Every structure is written in C-alpha cells, then in structure tokens.
Amino acid sequence: MRIGRFLLAAAALFAVGAYLGNTNLLAPRPDGKPMLLAHRGVAQTYPSEGLENDTCTATRIRPPEHDFLENTIPSMQAAFAAGADVVELDVHPTTDGQFAVFHDWTVDCRTDGRGVTREKSLSDLKALDIGYGYTADGGKTFPFRGTGVGLLPSLDEVLAAFPDKRLLINIKSRDAEEGRKLAARLATLSAEARARLTVYGNDTPIDALRETLPEMRTMGRRSLQRCLITYLGIGWSGYVPESCRNTMLLVPSNYAWILWGWPNRFLTRMRDAGTEVYMVGPYTGRAFTTGIDTALDVGGLPEDYNGGIWTNRIQAIAPLVDPKR
C-alpha cells in the first residue's frame with residue numbers, strides 16, 4: 001500500500017511539474033511578428049484533392065488572379081513586395097554545372113519541351129516556354145502560353161537578384177552528389193549570406209550537404225520525424241533534442257496542440273536552439289500539400305501567434321496576418 005501511494009504521489013508530482021513547465025498561462029509571448037514563407041513565390045494555385053506524385057498541377061490551376069509563374073524572379077519579387085519574409089524555391093542541377101530553379105522532375109508538364117530537367121543544360125531550359133502548359137479550363141485555353149520563354153532562372157541569378165533576402169532552397173532529388181554540388185556553390189558565399197538560406201529535401205542530399213557545410217540550417221524528412229517524435233517523448237522537461245537544433249520544422253495545424261509547450265514555450269525553445277518553426281495545413285497521411293492559405297486557416301492560428309507561416313497565397317494571407325505589411 002505504501003509503495004502504491006508513493007507511486008501515485010510521484011505520478012501526481014510529475015504531472016504537476018510537466019504542466020507548470022509547459023503551460024502557456026505562465027509563459028510570456030515571444031517577441032516579434034509571424035514569419036511569412038511564400039511557397040514558390042507568387043504562384044498559380046490549384047486544388048490539392050487527389051494529388052499524386054506525378055500529377056501535372058499546371059493542368060488543374062484555378063482561374064488566374066495574377067500573371068505570375070512560380071519559381072521565377074518576378075514571382076519572388078512580387079512575394080517579397082507582398083510581405084514575405086522568406087521565399088521557397090526548387091532547384092535541379094544542369095548538365096553544364098549550374099542549378100536551374102524549376103519545380104518539376106521533368107519539363108513535360110509546364111513547358112513546350114520534353115525530358116528530365118536535370119538532363120538538360122541551363123541554356124536549353126531557358127529556351128523553353130515555362131508557361132506553356134497552364135490551363136484552368138481543361139485545355140480549352142492556355143492563358144500563359146508564349147509568356148514564359150527565358151523566365152526560368154538559375155540559382156545564381158536568384159542569389160544575385162536577392163542578395164539580402166531570405167530563401168528556402170528545396171533539393172528535388174535523392175542524389176547525394178546533388179547535395180555536394182549545392183554545398184560547393186553555397187560555400188562560395190559569405191557566412192552572412194549562408195545564414196539567410198535554409199536547404200531542405202530528401203535526407204540523402206541533405207546529409208551530403210551538411211558534411212561540407214555543417215553550420216547550414218537544413219531539414220530532411222527523416223530529421224523532421226526524428227525531432228518531432230523525440231520531442232514528444234522528452235519535451236515535457238523543456239529539453240530540446242539534438243535532432244531539433246539548427247533546423248526547420250513544419251508543424252501541421254491539426255497536430256500542433258500535442259507539442260509540449262505549444263505555442264509560446266515551444267517556439268521559444270526552438271528559437272533558442274536555432275530552429276525555425278512554420279505552421280502548414282493539416283496533415284492527412286500524405287506529404288504536405290497545403291499551407292495557411294485562407295482566412296479560415298488564419299483564424300485557426302493561436303492567439304498572438306508569431307511563429308512561421310507557410311503559405312501558397314502570400315498576397316492574400318499577408319494582409320490578414322499583419323495589415324501593415
């Protein structure tokens with residue numbers, strides 16, 4: 001009986017301690033405003049229902065609200081002008097030693113070309129019309145056809161166009177050599193310039209990049225999962241595991257509540273560990289396909305939330321988050 005009462009008392013003390021160490025009732029709100037991340041810049045949007053890995057999203061866009069095409073310098077300029085703090089972009093190596101900024105593994109969907117993106121030279125890619133395949137009415141009209149020749153930029157051109165801006169670079173392959181090539185390019189930048197960049201993607205190229213640039217902020221799928229699972233196990237103590245340090249975390253809006261200390265204590269702990277946290281749309285068992293993209297999504301954010309926000313509609317969401325942007 002005494003052992004039972006002791007265990008019960010110990011459990012009660014643990015529960016009280018975990019509560020007091022993680023409740024936001026006693027936690028100050030972290031300083032600063034929400035960090036807005038524009039996924040692919042200002043882009044044409046599309047419904048996410050029924051998406052597969054090989055779905056051609058250009059053929060299912062919504063009726064256009066603007067003339068910008070994703071992953072182009074004009075779309076990034078528009079995103080920053082709309083209030084983005086960070087712009088996300090996708091890269092592929094080219095046969096002539098450059099990195100092309102383009103989303104798809106092949107050029108078949110969006111352009112008037114054919115073939116694997118990484119099997120082409122930068123000049124070949126620049127000659128393509130990257131607006132060729134977009135249609136909002138099942139192929140009856142193609143509103144951007146003829147407007148995209150020469151719009152596909154290189155990573156070098158993006159870095160030169162935005163020397164003082166923050167960028168999130170997505171490696172699209174599972175190739176370790178691509179991580180090493182990107183590391184070699186980023187190593188030529190100053191430490192201050194690299195500090196404004198984050199790289200994410202498959203763990204294999206990300207691990208290879210970190211071998212050369214261990215100080216870079218990076219995120220891989222495995223490291224994200226390891227961080228969140230480990231934190232769920234020991235985060236009640238306030239300790240931030242090594243897998244959660246100097247990285248980026250994507251937190252689904254429907255699961256954020258299970259994180260110890262969410263939101264204020266969690267955000268403070270991660271910031272102190274050099275990690276940036278971005279809320280994305282709800283996780284439904286597949287890869288993240290949605291962001292905080294509607295007024296309803298914004299209304300579901302925690303009160304006075306000032307962590308990161310991942311959005312596909314920066315021009316619509318920024319005024320809702322901060323009307324002064």
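Modeller: A residue counts as buried under 20% relative accessible area, as exposed over 50% and as partly exposed in between, with a 1.4 Å probe and protein chains only. The model is predicted, so local features need pLDDT of at least 70 and side-chain atom pairs count only at pLDDT 80 or more, while totals for chains, interfaces and linings use all residues. Residues are numbered from 1 along each chain as its sequence is written, and side-chain values use heavy atoms, with hydrogens and water left out.

Helices (H or I, at least four residues) and strands (E, at least two) are DSSP runs numbered from the N terminus. Contact here means heavy atoms within 4.5 Å.

The N-terminal end of α7 is capped by Asn-202, with a side-chain oxygen 2.9 Å from the backbone nitrogen of Thr-204. A polar contact is a pair of N or O atoms within 3.5 Å; within protein, one must be able to donate a hydrogen and the other to accept it, and residues adjacent in sequence count only if both atoms are side-chain atoms.

A crossing is left-handed if the near helix is turned anticlockwise from the far one by less than a right angle, and right-handed if clockwise. The axes of α5 and α7 come within 7 Å and cross at roughly 35 degrees, and the crossing is right-handed. On the α5 side the contact uses Ala-176, Gly-179, Arg-180, Leu-182, Ala-183 and Leu-186, and on the α7 side Thr-204, Pro-205, Ala-208, Leu-209 and Thr-212. By class that gives seven nonpolar, three polar and one charged residues. Ala, Val, Leu, Ile, Met, Phe, Trp, Tyr, Cys and Pro count as nonpolar, Asp, Glu, Lys and Arg as charged, and the others, Gly among them, as polar.

Next, the backbone. Trp-262 and Pro-263 are joined by a cis peptide bond with omega about -5 degrees; Pro-263 sits in the loop between β7 (248–252) and α9 (264–272). Asn-71, although not a glycine, has a positive phi of about 60 degrees. Asn-71 is buried, at 2% relative accessibility. Asn-246, also not a glycine, has a positive phi of about 50 degrees but is partly exposed at 22%.

Last, the rings. Rings of Phe, Tyr and Trp (its six-membered ring) pair if their centres lie within 6.5 Å; planes under 30 degrees apart count as stacked, over 60 as edge-to-face and the rest as tilted. The structure holds six aromatic pairs. Phe-80 and Phe-162 form a tilted one, 5.3 Å centre to centre with 50 degrees between the planes. Phe-80 is in helix α2 and Phe-162 in the loop between α4 (155–161) and β4, so this pair ties together parts 82 residues apart in sequence. Phe-80 is buried at 10%, and Phe-162 is buried at 9%. Tyr-134 and Phe-144 form an edge-to-face pair, 5.9 Å centre to centre with 85 degrees between the planes. Tyr-134 is buried at 3% and Phe-144 at 4%. Ring pairs also link Tyr-231, Trp-262, Phe-266 and Tyr-305 into a cluster.

Conventions:
Axes are lines fitted to C-alpha atoms, for helices over the stretch in contact, and angles run from 0 to 180 degrees between N-to-C directions.
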